[in-house]
Amino acid sequence: MNRFTEKYCLSECLKSKEQLKALVQYQSISNIHKYLFLVFIWLLNIGLAQGQTLDQYLEEAAENNPGLQASFKGYQASLEKTNQVSLESPQLNIGVFTRPMELLMGNQRAEASVMQMFPWFGMLRTQKDEATLMAGAKYEEFRQQRNVLLYQVKETYFQLQQLQNTIDITVSNLEILKSLEQLAIIRYQGGSTSEAVSSVSSAVRRPARTMQQGSGDDGMGMGGGGSSAASSGQSSGAAMNSMGSGGGSGKLTDVLRLQVQIKALESDLEQLEVDKRPLTVKFNQLLGRDKNEAIAIESQLESQKSIGWEVEMLEQILDTNPMLLMLEKEGLAYQKQGEMAKLEGKPMFGLGLNYMVFSPRPEMGVPGGMGGMDYMPAGMGNNMIMPMATVSLPIYRKKYKAMEAESKLYWEANERQKEDLQRNLETEFETILVAIKDADRKIRLLQDQIELTEQTLELSVTSYATEGSSFEEILSIQRELLDFRLNLLNTRIGREIQLARLETLVGV
């Protein structure tokens, strides 16, 4: 390329500078629109995921869990037992003579007989009743497995809810520590503390703000902890750089101790984020779907039942518990097996037909020869039909007596199992009831303690900002507040899990 061409290209490039600028602006606007569209789709997907409730998750688990589907197939297989109760297959016997049997009525060529056996009266009905009862017991076993699955789904959901709210509480506590850090820095620098005290009070009074945001990359509303932790670390470093030598009445050790606690909370937040993974995988596997699928967890904890429900709950458990119903139906089936043993000791009847095929007999011998002994006239050759009846003679009674004794012993064992299960259910019900009432008492106590601790912390912060009181007291109260909030969360989650156990016992 010569020098003239280079100048020409340079001039053309300068002329098209405005056009290139306009093109870049257009592409930027297009990219913005594209990004806005992608953000809209992402928010839509999160909205769809968050639209699912616990009841919908329970329904999804009941429909898609492989183990529950296998149990239902087993119940369907047991139903086919009722269709297998029928008469024994008739017996057909056919015989052909290689050489005709010479009889007076002709030469017999073949013989065919058919026989149908009939059990004692009522045997088929009893067998069908026994198969129906055993299928009913299998269905109750399926219901029990379904209830256990639903309890596991609820328990895992509440554990995820507990983890999510623990992250929110930790983030709120981190905001309190950061506000205290700013207050300590201002006191160390000798500045005005009124705005910092107001910031601490606001952080103390909004512990549930992050619990209601519900944003995160996995659709669980648990994100944001790591970013806030990182930003707090950066702000702490920046604050330390801007403090200078300090000319106020505060202590630099107060700031450093707060930063140590902030670092510890940031590490806790990172670990809480890691702890979500196994619970997410377990929850998705219970629902029978991909382990990486997003889960929508509601941050608000609402009690499933109010006071007064326990009056009729125990009677409902004893009436509808699947394991009790299964034992009850098994006991009835054992009674039917005893009846079957008695009926098997009765005779069986058989009815049938015997059909004999004859051909005409040719004349043989000479009339009058050897006194007529060697003469046989031509035969008739007519086929014959003979009705038949048979009856079994069950004279060996030891077998049938043993079968009756076996069914009776199984029935007695079943009655003892049912009695033992009833007592265990009553004991478990009372244990769960005590745990729920204890949780209700603790919840009221912790709510009062949290309110009083918040007021105490605000007063201590004000006293520290104005009078320079002990900073140790503020840290101690702040730790107590964090413990109370976490204990309240754990107590509420424990109460919901106990209620879920009760629903499993009811089995409706």
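Student: What makes Ala135 count as buried or exposed in this model?
Tutor: The model is predicted. Ala135 has a relative accessible area of 1%. Buried means under 20%. The value falls under that cut-off, so Ala135 is buried.

Student: Where is Ala135 found, and which residues does Ala135 touch?
Tutor: Ala135 is found in helix α5. Leaving aside residues up to four places away in sequence, Ala135 touches Tyr75, Ser78 and Leu79.

Student: What separates the C-alpha atoms of Ala135 and Met326?
Tutor: The separation is 9.7 Å. Along the chain, the two residues are 191 residues apart.

Student: How many residues lie between Gln189 and Lys251 in chain terms, and what is the C-alpha separation?
Tutor: Gln189 and Lys251 are 62 residues apart along the chain. Their C-alpha atoms are separated by 9.4 Å.

Student: Helices next. How do you know whether α5 and α6 are roughly parallel or roughly antiparallel?
Tutor: Take the angle. Helix α5 (residues 123-189) and helix α6 (residues 194-205) pack at about 170°, with axes 9 Å apart. Angles over 145 degrees count as roughly antiparallel. The two helices are therefore roughly antiparallel to each other.

Student: Which residues make that contact, and how do they divide by class?
Tutor: From α5 come Glu175, Ile176, Ser179, Leu180, Leu183 and Ile186. In α6 they meet Ala196, Val197, Ser199, Val200, Ala203 and Val204. By class, the contact of α5 with α6 has 9 nonpolar, 2 polar and 1 charged residues.

Student: What makes α8 and α12 roughly parallel or roughly antiparallel?
Tutor: Helix α8 (residues 252-286) and helix α12 (residues 471-506) pack at an angle of about 15°. Their axes are 11 Å apart. Roughly parallel requires an angle under 35 degrees. That makes α8 roughly parallel to α12.

Student: Is the crossing of α8 and α12 left-handed or right-handed, and which residues make the contact?
Tutor: The crossing is right-handed. On the α8 side the contact is made by Asp254, Arg257, Leu258 and Gln261. On the α12 side it is made by Phe471, Glu472, Leu475, Gln478 and Arg479. The classes come to 3 nonpolar, 2 polar and 4 charged residues.

Student: Which residues make the contact of α3 with α4?
Tutor: Ala61, Ala62, Glu63 and Asn64 of α3 make the contact with Pro66, Leu68 and Gln69 of α4. They divide into 4 nonpolar, 2 polar and 1 charged.

Student: What about the chain as a whole: how many helices and strands, and what share is buried?
Tutor: The secondary structure comes to 12 helices and 4 strands. Of the 508 residues, 37% count as buried. The accessible surface is about 29,400 Å², and 57% of that belongs to carbon and sulfur atoms.

Key
Residues numbered from 1 in each chain as written. Predicted model: local features only at pLDDT ≥ 70, side-chain atom pairs only at ≥ 80, totals over all residues. Heavy atoms only, no water. Buried < 20%, exposed > 50% of the residue type's maximum accessible area, 1.4 Å probe, protein only. Areas by Shrake-Rupley, 256 points an atom, 1.4 Å probe, with all protein chains shown as cover. Axes fitted to C-alpha atoms, helices over the stretch in contact; angles between N-to-C directions. Parallel < 35°, antiparallel > 145°, perpendicular 65-115°, else oblique. Contact = heavy atoms within 4.5 Å. Nonpolar A, V, L, I, M, F, W, Y, C, P; charged D, E, K, R; others polar. Left-handed = near helix turned anticlockwise from the far one by under 90°.
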